[in-house]
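Biologist: Could you give me a close look at one part of this model, its strands and loops, and then tie in a helix pair? I would like the cut-offs as you go.

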Amino acid sequence: MCGQFLYPDKFSHIYIEERAFDHPMVNEVLSSFPQSRVIRIRHYKDVFNRPGQDTGLQSKSKNLILAVNEGKKIFEASPVCQDFGYGKFYYVQSAMNCIFGCDYCFLKGMYATSNIVIFVNTDDYIKECEAKLTEGPMYLCASYDTDLTALSTVCSWQETWENLALTHERLTVELRTKSAVSDTKKAPNLIYAFTLSPDRIISEFEKGTPSLDRRIESVNRAIEHGAFVRLCFDPLIYVKDYELCYNEFADKIIRSIDLEKVKDLSIGTFRISSDYLKNLKRSCPHSSAVLFPFVREDGFCVYPDDLKTKMISILAERFEGAGFGSKLYIF
Ligand code: SF4
């Protein structure tokens, strides 16, 4: 079984690049973890990319790496990402890896470590973003290679992206999370995207994440504060009695959240690049979420079409029946 990370009230070790010490975010992070052992390093890749790491063991006690990103920071999103109709769709890499440990997470397929990198040169990121904005409006997914909201107890990246959206109306920022976020701001170009799953899926496959009830409470708090809220039912994960599981889930969502006040709803089934799936199987060898006999489609592993359609239609039909069909995005 994949390891369950205990919430990072302390990272036992914090690796810091020599050149990162000048950046204020280093002190900000260290002040929250006074017990951690600080180790100076030359380059984050010396630790992050070290060969032969035991990701299963690391996932039970993740360490933190603070680094300077001198390379590209903002990237065009992959075609399997949800662009919600925005032409220029980008993601930003402010951090890599996540404090949570979902069995099906593509990050496990992408990185050979469970440790988390946080880049601390925020000013360089802001400059790159502002330069891109001169080319036209931009939709930026700020929580792509991580769950930035969950990391907001560790660093102030979420606030940085929120403030940038508040001061640049051509920039739309999406903050996607499985955490129970408590703080949101109100602006039409700042989208808080909550990923919701049935409790059974959470306990089986989304290790370390808050329960559905806690996530629903956060959604309702955000709505109360006037935030622009997106609900993401993605990825839907196959389990034997998926029909019952997702029907009960739809009941609960319709009962507990005022969907009238939600910006939109997205639905998608699990999909992952074939290469990442190989690594994921090594990382979570016993998880049924990754052992499914997927079919291949353009380099991605996906559920067979008929299953995909059935799974999506359970939620789609329920939301359409409740009068929210116009808010649906299906991927
Ligand atoms: S919350 Fe998202 S980023 Fe974090 S482990 Fe789960 S799927 Fe991956």
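Modeller: Helices (H or I, at least four residues) and strands (E, at least two) are DSSP runs, numbered from the N terminus. Residues are counted from 1 along each chain as its sequence is written. Please keep in mind that this is a predicted model, in which local features need pLDDT of at least 70, side-chain atom pairs count only at pLDDT 80 or more, and totals for chains, interfaces and linings use all residues.

Let's start with strand β13 (residues 228-236), where P235 lies.

Strand β10 (residues 171-177) holds E174. E174 is buried because 25 other C-beta atoms lie within 10 Å; the scale calls a residue buried at 20 or more such atoms, exposed at 12 or fewer and partly exposed in between, with C-beta atoms placed from the backbone. Beyond its neighbours within four places in sequence, E174 is in contact with C141, A142, I191 and A193, contact being a distance within 7 Å between C-beta atoms placed from the backbone.

Two loops show positive phi in a residue other than glycine. In the loop between β6 (95-96) and β7 (101-102) sits N97, whose phi is near 85 degrees. N97 counts as buried because it has 27 C-beta neighbours inside 10 Å. D298, with phi near 50 degrees, belongs to the loop between β16 (295-297) and β17 (300-302). D298 has 9 C-beta neighbours inside 10 Å and therefore counts as exposed.

Now the helix pair. The axes of α9 (residues 242-256) and α12 (residues 305-321) come within 10 Å and cross at roughly 25 degrees; axes are lines fitted to C-alpha atoms, for helices over the stretch in contact, and angles run from 0 to 180 degrees between N-to-C directions. So α9 is roughly parallel to α12, as angles under 35 degrees count as roughly parallel, over 145 as roughly antiparallel, 65 to 115 as roughly perpendicular and the rest as oblique. On the α9 side, Y242, E243, Y246, N247, A250 and I254 meet M311, I314, L315 and R318 of α12. The residues of this contact divide into seven nonpolar, one polar and two charged, where Ala, Val, Leu, Ile, Met, Phe, Trp, Tyr, Cys and Pro count as nonpolar, Asp, Glu, Lys and Arg as charged, and the others, Gly among them, as polar.

Notes:
Two residues are in contact if their C-beta atoms, placed from the backbone, lie within 7 Å.
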